Amino acid sequence: MDMKFRAGIITASDKGSVGEREDMSGPAIRDMIEPAGYEIVSMKVLPDDEESLYQEMVRLADEEKVDVIFTTGGTGLSPRDNTPEATLRAATKRVPGIAEAIRAYSLKITPRAMLSRAESVMRGQTLIINLPGSPKAVRESLEYILPTLEHGLEIMKGDAGECAR
């Protein structure tokens, strides 16, 4: 199968980055997007450090030229949750509807979704989407957004025909 989109996956986890916890959310993203036609260019577990997360987002967007970066973790209220800040630093344009849609859908499953600070943005021709930290929530979020996301990525890349509703 030809891969339609190039993707990077970043897991934000202090414990995961030093091998104290197995990353289950990054692989959950991979397992869902590969069959949907995404080529995984990079998959990293980084500490919950704003600068490290920002630098990796910039590298993936500017050097690797991925179409989309999926992050998982670091979007809550903990002092060490820095993924939204890193994402906003990397942004050239905001795309709030994706994060809003994930929150709205997730609220049907758990009221705790209101505590998410996740963002969705563009950096040049790369879409960056913050996903929740749990594998279950990652799968639920991707099941909801992947069908529409493909159209958005095609528009961003200039590959979409007439916009159909």
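Predicted model: local features only at pLDDT ≥ 70, side-chain atom pairs only at ≥ 80, totals over all residues.

Analyst: Residues are numbered from 1 along each chain as its sequence is written, and side-chain values use heavy atoms, with hydrogens and water left out.

User: How do you know that strand 5 and strand 6 pair?
Analyst: Two strands pair if DSSP finds at least two bridges between them. Strand 5 (residues 120-123) and strand 6 (residues 126-131) have 4 bridges, in the antiparallel sense, so they count as paired. V121 stands opposite I128 in strand 6. Strands here are DSSP runs of E, at least two residues, and helices runs of H or I, at least four, numbered from the N terminus.

User: What is the strand order of the sheet, and which strands stand at the edges?
Analyst: The open sheet of 6 strands runs 2-1-3-6-5-4, with mixed pairing. Strand 2 (38-46) and strand 4 (93-94) each have a single partner strand, so one side of each lacks a neighbour in the sheet.

User: Why is helix 3 called oblique to helix 4?
Analyst: The axes, lines fitted to C-alpha atoms over the stretch in contact, with angles from 0 to 180 degrees between N-to-C directions, cross at roughly 40° and come within 8 Å for helix 3 (residues 50-63) and helix 4 (residues 83-90). Angles under 35 degrees count as roughly parallel, over 145 as roughly antiparallel, 65 to 115 as roughly perpendicular and the rest as oblique. Helix 3 is therefore oblique to helix 4.
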